[in-house]
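Here are my notes for your review. Please read them with the structure open.

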Amino acid sequence: FKILGTERMVVDRRRCLVVAVLLASADAVRPAVATRPPAVRTAAPVMIMDQLKKIADDGALAVKQAAAEKVVGERVAAKLAAAQAKYDIPQKYTNLMQSFFTSYMTEIYLADRDLDEYEQILSTLMKKVLETAQEPHTFQPFHEAIRAPFDYYKMGCDFANGMVDADRSLVLGAEQIEKMQQQIAAGDNVVLFANHQSEADPQIFSVLLDPKVPGFAEETIFVAGDRVTTDLLAMPFSMGRNLLCIFSKKHVDNPPELKSTKQRHNRMVMKTMQQLMTDGGKCIWVAPSGGRDRPSDDGKYEVAPFDSKSIEMFRLMSAKADRPTHFYPLSMFTYPICPPPTTVGGEIGEQRTVKYYPAALHFGEEVDVSRFSEGCVTDNFPAGCDASSSRDELREALAKHVHSIVSSNYQDLAAKLDMP
């Protein structure tokens with residue numbers, strides 16, 4: 001993926017742009033009648049020079065990006081053509097890989113990352129995608145990360161690392177992680193109620209935390225929807241994570257003829273999760289929204305509403321586990337790196353683009369769910385229930401409380417890192 005001659009072209013284009021802008025500026029201020037006495041020459045205002053520099057830099061970046069996309073696109077196409085001769089790749093996925101991998105390597109080049117290193121990582125990923133296209137992996141209700149003979153966890157983290165601007169990324173509330181580690185070591189469980197923005201959230205989670213708290217992200221169990229376990233491009237990344245594989249409520253009805261099968265699978269997942277929590281010492285990440293955040297009409301991302309039933313389910317399961325469970329809100333800012341599609345519930349195999357950008361996490365303080373007392377099903381059942389409020393009202397209140405914390409902390413992250 002060497003972009004030969006590009007740097008010289010960029011420099012030449014930058015010079016041309018600066019000269020053109022200066023000439024245009026000179027024409028704009030040249031007097032219509034040359035009868036005025038010569039003025040004393042003064043330096044251009046700083047604001048104008050800043051504008052000229054920005055125009056030149058923007059033009060140079062556009063030239064650099066266009067050149068990179070062309071050369072990288074041709075190289076990726078050649079690799080895929082060679083792979084097509086060996087593997088039977090569905091045409092839809094050939095097109096998806098072409099656009100995704102071209103986007104990835106172009107960003108690697110523009111961010112001045114090590115092209116040789118990330119070309120090797122990309123080649124490894126491409127090989128794994130092609131292998132799973134030939135023989136898709138079957139995910140059990142609880143999938144444990146595959147670390148040998150091939151380390152899928154490392155491959156996913158290495159790939160995501162190329163897109164994360166680590167120097168500008170943020171991890172807030174790190175003191176909460178220390179508390180969680182102590183609780184997990186004592187055999188307690190931890191549940192992270194998080195918003196969800198990017199398909200790469202588990203990998204970005206690891207990229208940000210592995211250098212700071214080794215092992216924490218690696219051992220975390222993610223509640224994952226069926227899209228990341230059936231999509232050929234997502235599958236190799238998912239194989240490297242600990243997953244509870246569930247059908248999201250947004251997709252369980254599609255197609256209708258599989259609804260009952262999906263519901264049976266989900267019941268098996270719940271049974272498995274109950275056993276994990278009974279065993280204790282687990283950290284489970286879940287997005288109570290049931291899917292990824294989407295932009296509002298003004299293009300700004302907001303934390304999607306949380307499903308009160310999802311949060312209540314974890315509360316009830318923790319009560320049955322006979323082990324303490326601690327609930328923490330987690331805000332994630334990841335969408336610029338690998339944004340979701342604008343629509344919800346499309347077919348498997350979505351278009352993907354990536355961008356080199358910082359990411360951020362904010363771990364909030366533990367939520368005391370006991371503050372939201374349990375409503376009564378009937379008179380004084382269960383024992384000690386709150387007769388003044390229905391179960392539904394209290395369930396909604398808890399969900400809104402957790403959502404408000406995640407949303408507030410997310411807005412703080414977005415204000416620090418969001419795109420202009």
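1. Start with helix H7, residues 201-209. H7 lies across S2, S3, S4, S7 and S8. Its angle to S8 is about 80 degrees. Strand S4 covers 221-224. Bear in mind throughout that this is a predicted model.

2. Helix H6 (residues 174-185) also lies across strands. They are S2, S3, S6, S7 and S8. H6 runs at about 145 degrees to S7. For orientation, S3 spans 189-194, S6 spans 283-286, S7 spans 325-333 and S8 spans 360-363.

3. What is the order of the strands in the open sheet? The order is S1-S5-S4-S6-S3-S7-S8-S2, eight strands with mixed pairing. S1 (142-143) and S2 (170-172) stand at the edges. Each has a single partner strand, so one side of each has no neighbour in the sheet.

4. S1 pairs with S5 (residues 242-245) in the antiparallel sense, over two bridges. His-143 stands opposite Leu-243 in S5.

5. Pro-149 sits in the loop between S1 and H5. Most peptide bonds are trans.

6. Asn-161 belongs to helix H5, residues 152-161. Is Asn-161 buried, partly exposed or exposed? Asn-161 is partly exposed, because its relative accessible area is 28% and that class lies between 20% and 50%. Setting aside neighbours within four places in sequence, Asn-161 contacts Arg-113, Tyr-118 and Val-207.

7. Ser-308 lies in helix H12, residues 308-320. Ser-308 counts as buried because its relative accessible area is 4%, and the cut-off is under 20%. Beyond neighbours within four places in sequence, Ser-308 is in contact with Arg-395, Glu-396 and Ala-399.

8. Asp-112 has a positive phi, near 60 degrees, and is not a glycine. Asp-112 lies in the loop between H3 (91-110) and H4 (115-134). Asp-322 likewise has a positive phi, of about 60 degrees. The loop holding Asp-322 runs between H12 and S7. Most residues other than glycine have a negative phi.

9. Are these aspartates buried or exposed? Asp-112 is exposed, at 62% relative accessibility. Asp-322 is exposed too, at 73%. Both count as exposed because the cut-off is over 50%.

Note on methods
Residues are numbered from 1 along each chain as its sequence is written. This is a predicted model: local features need pLDDT of at least 70, side-chain atom pairs count only at pLDDT 80 or more; totals for chains, interfaces and linings use all residues. Side-chain values use heavy atoms; hydrogens and water are left out. Helices (H or I, at least four residues) and strands (E, at least two) are DSSP runs, numbered from the N terminus. Buried means under 20% relative accessible area, exposed over 50%, partly exposed in between (1.4 Å probe, protein chains only). Contact means heavy atoms within 4.5 Å. Two strands pair if DSSP finds at least two bridges between them. Axes are lines fitted to C-alpha atoms, for helices over the stretch in contact, and angles run from 0 to 180 degrees between N-to-C directions.
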